[in-house]
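Keep the structure open beside you as you go.

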Amino acid sequence: MSVEKSFHMTPDEFRRHGHAVIDWIADYQSRVESFSVLSQAKPGQIRASLPANAPTQSEPFEALLKDVENLILPGVTHWQSPNFFAYFPCNASGPGILGDLLSSGLGVQGMLWSTSPACTELETHVLDWLVPMLGLPEKFLSSNTGGGVIQDTASSAALCALLAAREGATNYTTNKEGCDGRIVAYVSTQTHSSLQKAAMIAGIGVDNLRSIEVDDHFAMRPVALARRIEADKRAGLVPCFVCATVGTTSSNAMDPIAEIAAIAHQDNLWLHVDAAMSGTAALCPEFRHLQNGVELADSYNFNPHKWMFTDFDCNCFWVADRKALIQTLSILPEYLRNQATESGAVIDYRDWHIQLGRRFRSLKLWFVIRHYGVEGLQYHIRRHVELAQQFADWVRNDKDFELAAPAPLNLVCFRHKAGDVANQTIMDRLNRSGDLFLTHTKLHGNLTLRLCVGQTHTQAKHVERAWKRIREESDKLTTAA
Ligand SMILES: Cc1ncc(COP(=O)(O)O)c(C=O)c1O
């Protein structure tokens, strides 16, 4: 019998190369602080180092890893560096990486319960675990009227919530007939831009997405929301959806959920709560007051891939009424029909989000929760908040810097009193130095620096060094003047 020709990697080769990759990642973790946090690559630099055409013949695996080291690493911004303080974190961890690897190893596509029962059931189970872990309302449990699903990102979760709200407000006719231009939705001026994108995709249109003004602390003003809803109703429009944020992207502002819910529910609007990063803080009972009123939400989401040590991507999205979501997103072509679905006894997650196919993402979340335990997660979240609060104290007591917004958790917005040019100069120099990575926003029209503590391995020494470097750059400004 002839042996069939194959270019595939054998299990033994996989084992050998797999060990080398794990060793490479472990080494990377130990030396991550030796790299410039922000990649200093110039546009086009990485592509210029790659061959113009794909290889015709197989290359040895060792050459691939060598190229990762020599060609790819210079173009990597080190999100996993403990000196990464930019944007919001995207923190990874050993158990998260290994769970993700297992998901790849199993290679499951879990679009239906029947395409891998464990993929669906573990996900439902872990999302049910998280409900009491985060102090979320029982209506989000799968044993109740609601349930949770893992989405890729908070953007997708918001889109699904908006679509369900749109359908509910139009008696499920918009999916069929399209939007008539009368549907309106509400966010604040500080809501994440993903809601704008959701309004575009959902056919609501950004002109029909109302940006409600905020108070001095950048939180949505409920009175302004109520006024706008009334005006829209008088104009014959159909208000359907409000998004409240727990921890806005710019400044970590907390919208007053209970007050917003009271207004929203008066007119049957769907209330979505976006807690993308800050939702993780609810693991600690002492921070749960920041999302008071969450029990009134129709949907809620947070990103374990931001601050809960779970590798990107992993967004957890819950609804209070799963029927509304399923009725909005369900389509059952003949080729997906199966007995389990027909029996009504299973969840088919393809009806809970935009795409059909789905990865076995709950494995990494399950690994993270079991590795750390609730206590371990709480410990590290509390530590990040303590470090950020310590940083805020240094800013508060400094002659040259000031806080630009309240710092309720792990994000500190601050600025040099000398104005925008000084702040831009300090940030550019710090980021070019590679010692740390900070980003900015604009608050009250002023360029503001943001320091977010949330990378898995950030410790006191990293935050102390960040402050020292910020002070040094500030001193250089004074000397140069
Ligand atoms: C409050 C908030 N919502 C939504 C998002 C979008 O997150 P994702 O990348 O998961 O779509 C972000 C991202 O930083 C965010 O800060």
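**Exercise 1.** Which residues form one aromatic cluster?

*Solution.* The cluster is made up of Phe391, Trp394, Phe401, Phe414 and Trp467. Before going on, note that this is a predicted model, where local features need pLDDT of at least 70, side-chain atom pairs count only at pLDDT 80 or more, and totals for chains, interfaces and linings use all residues. Residues are numbered from 1 along each chain as its sequence is written, and side-chain values use heavy atoms, leaving out hydrogens and water.

**Exercise 2.** Find how many aromatic pairs there are, then classify Phe309 and Tyr372.

*Solution.* Rings of Phe, Tyr and Trp (its six-membered ring) pair if their centres lie within 6.5 Å; planes under 30 degrees apart are stacked, over 60 edge-to-face, and the rest tilted. By this rule there are 17 aromatic pairs. Phe309 and Tyr372 are stacked, at 5.1 Å centre to centre with 25° between the planes. Next, locate them: Phe309 is in the loop between helix 11 (304-307) and strand 7 (315-319), while Tyr372 is in helix 14 (residues 362-396), 63 residues apart. Helices (H or I, at least four residues) and strands (E, at least two) are DSSP runs, numbered from the N terminus.

**Exercise 3.** Why does Phe309 count as buried?

*Solution.* Buried means under 20% relative accessible area, exposed over 50%, and partly exposed in between (1.4 Å probe, protein chains only). Phe309 has 0% relative accessibility, so Phe309 counts as buried. Tyr372, at 18%, is buried as well.
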